[in-house]
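I opened my notebook today to look around a new protein model.

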Amino acid sequence: MKKSKFLMFLTFSLVLSLFLTACGAGGNNNAQNGGTGTDQQAGEGEPTGPQVLNVLESAEIPTMDSVLGTDAVAFNVMNNVFEGLYRLDENDEIVEGIATTHEVNEEGTVYTFTLREDAVWSNGTPVTANDFVFAWQRAVNPETGSEYGPYMMTGKIKNATEVANGDLPLEELGVKALDDYTLEVTLEQPVAYFLSLMTFPTFYPQNQEFVEEQGDRYALEPEHLIYNGPFVLDSWEHEVGWTMKKNADYWDAETVVLDEINVKVVKEVSTGVNLYTTGNIDISPGLSSEFVTQFQNDPNLTQELEPVIFWLKLNQTRNEALANENIRRAISMALNKENLTNIILNNGSIPADYFIPTGFVTHPETGEDFRDKYGNFNSFNVEEAQQLWQQGLDELGVDSVTLEILGGDTESAKRMQEYFQNQFETNLPGLTIRLKEVPFAQRLQLDEQMDYDMQVAGWGPDYLDAISFANLWVTDGGNNKMGYSNEEYDQLINDVMTTHANDPAARFEAMQEAERIALEEDAAIVPLYQRGTTRLWQPYVKNVYQHNFGPDFSYKWTYITGKN
């Protein structure tokens, strides 16, 4: 995050400029919902002209080491230059990657994958089962310092918790190479979404000989990487951009049409729009409010609601005010989210008084959306917020509080954070808000160190299951980083992962209850909005597959046709 992404953490809109700690974008490919409403991305027509795609990102790649990735920018690049056992197609269905088939035992706890023998790394070395074993062990090795390795594997892969804690050797992790092209994975208990995990970057292979030969240089520059995906990272000018080129050694290279993908790092939406309108890029950044209005009648305007939620994390350890439940709840209820989404964003986003998105997953028996049971929590109410605020101040024995909001440094991110500042200082007398606006990589560091009061953050799902959101807030969880702890919440999530593993309805309802506890009882975070993204998308760009979970974009099937 995906995610797991973070995730959070693409081509970013105002929303994306704040970044996901995990990965995830919304909608399947071909989602053209603006302008004429026609499908301009669909695979119509034959490839013509130079097969070069030009796109944007709003930040530098934080890392290209697949076991260290935590954000959407890194995961998006990794998804296109590496490949795991499986990958996602245009409908988010699992299709062949390095694995061609798999078998599962009757208990649903042992998966045996058969790997293709024609997959090679870009240095000519075969991709083998040992590459998966090495990478997965490295991901949970406490000496590696991976956040996503333990997060994605504990409670799922056998002995991952003990290995990550240093209580068992790496060899005890439930992953084994039976031979060069047969991989056996043993789980702690059945995991309903396990195969979708196998498309996620944390589970990608790594070549042990190459990684160890590179040492501390591994993944720092293109020459210190090897690739097994549709593309290779040909050049990487840090903070400026990068270029991916077709991987001639990829096992399915004949499917890949694009020869080159050029990515520019641009933080200002206005600059990105100018690059689009002058023909320098093919897909605009996500549009901020004024540009949505400007281009509302453009036939190439696209808009979609995604299963991605943004919120304010409330660190209960650095500022005693945020350890007070009434203060937290007052902050949550003092923000007008309708104005946030309709005026500040104006891009298809909707207010969120929840942290598990609408339209993402449904009850396995009734088919009802996750949101249908409890709906919203801590909705906007200034009068009630002020009462709670005063009660919290009285409990603290103070008449004023100063809090810092940690957020992004892009033009649009700053605009949103100024809105938060105005709302909180206007609606909660005695509150002073300081804004700390930093580059994304620095925000990740400050989050890891828990060096913030409130933080703008977001999450896209790493896999197709509500637990991708629900397990973020367990005590001392790798993505918690705000000192929140509730034993009942922890127990519910533990039940989801263990005793309810074979009871889909009980799992689902336990996660609904866990969300209620975190928000209704504890006001642990301040949900902000469910992301909508509006872009300008040139009609000659076909088959960019957008995913509802995991990495955002797949370019394996993309091509250019009819470009003037």
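These entries go through a pocket, the nonpolar cores and some strands of this predicted model.

**Entry 1: the pocket**

I began with empty space. Rolling a probe the size of a water molecule over the atoms shows where such space is left. I looked up the largest pocket and found about 600 Å³ of space in it. Which residues lie nearest its centre? I noted Pro150, Thr154, Gly155, Thr161 and Val474, out of 24 lining residues. Two elements give two or more residues to this lining: α3 (148–153) and α15 (487–497). The largest share, 4 residues, comes from α15. I then sorted the lining of the largest pocket by class and wrote down 11 polar, 7 charged and 6 nonpolar residues.

**Entry 2: the cores**

Next I turned to the nonpolar cores. The largest one has 122 residues, and Met64, Phe113, Trp136 and Tyr489 make the most contacts inside it. Which helix gives the most to this core? My note says α2 (residues 129–140), with 8 residues.

**Entry 3: strand β9 and its partners**

Then I followed β9 (residues 182–186). Is this strand mostly covered or mostly uncovered? It is mostly covered, as 4 of its 5 residues are buried. β7 (residues 110–115) runs antiparallel to β9, and 5 bridges join the two. In this pairing I saw Thr112 standing opposite Glu184 of β9. β8 (residues 175–179) is also antiparallel to β9, with 4 bridges, and here Ala177 stands opposite Leu183. β8 and β9 form a hairpin, and I counted 2 residues between them.

**Entry 4: an open sheet**

Last, I traced an open sheet of 6 strands with mixed pairing. Reading across, I wrote the order as β14-β18-β13-β17-β15-β16. Which strands are at the edges? They are β14 (350–351) and β16 (431–437), each of which pairs on one side only. Inside the order I checked β13 (residues 301–314) and β18 (residues 525–536), an antiparallel pair joined by 10 bridges. Leu305 stands opposite Gly532 of β18.

Note on methods. Residues are numbered from 1 along each chain as its sequence is written. This is a predicted model: local features need pLDDT of at least 70, side-chain atom pairs count only at pLDDT 80 or more; totals for chains, interfaces and linings use all residues. Side-chain values use heavy atoms; hydrogens and water are left out. On a 1 Å grid over the protein atoms alone, a cavity is a set of points where a 1.4 Å probe fits but cannot get out, and a pocket is an open set with protein on both sides within 12 Å along at least five of seven lines; lining residues have an atom within 4 Å of a point. Grid points are joined across faces, edges and corners, and a volume is the space filled by probe spheres set on the points. Ala, Val, Leu, Ile, Met, Phe, Trp, Tyr, Cys and Pro count as nonpolar, Asp, Glu, Lys and Arg as charged, and the others, Gly among them, as polar. A nonpolar core is a set of buried Ala, Val, Leu, Ile, Met, Phe, Trp, Tyr and Cys residues joined through side-chain atoms within 4.5 Å. Buried means under 20% relative accessible area, exposed over 50%, partly exposed in between (1.4 Å probe, protein chains only). Two strands pair if DSSP finds at least two bridges between them.
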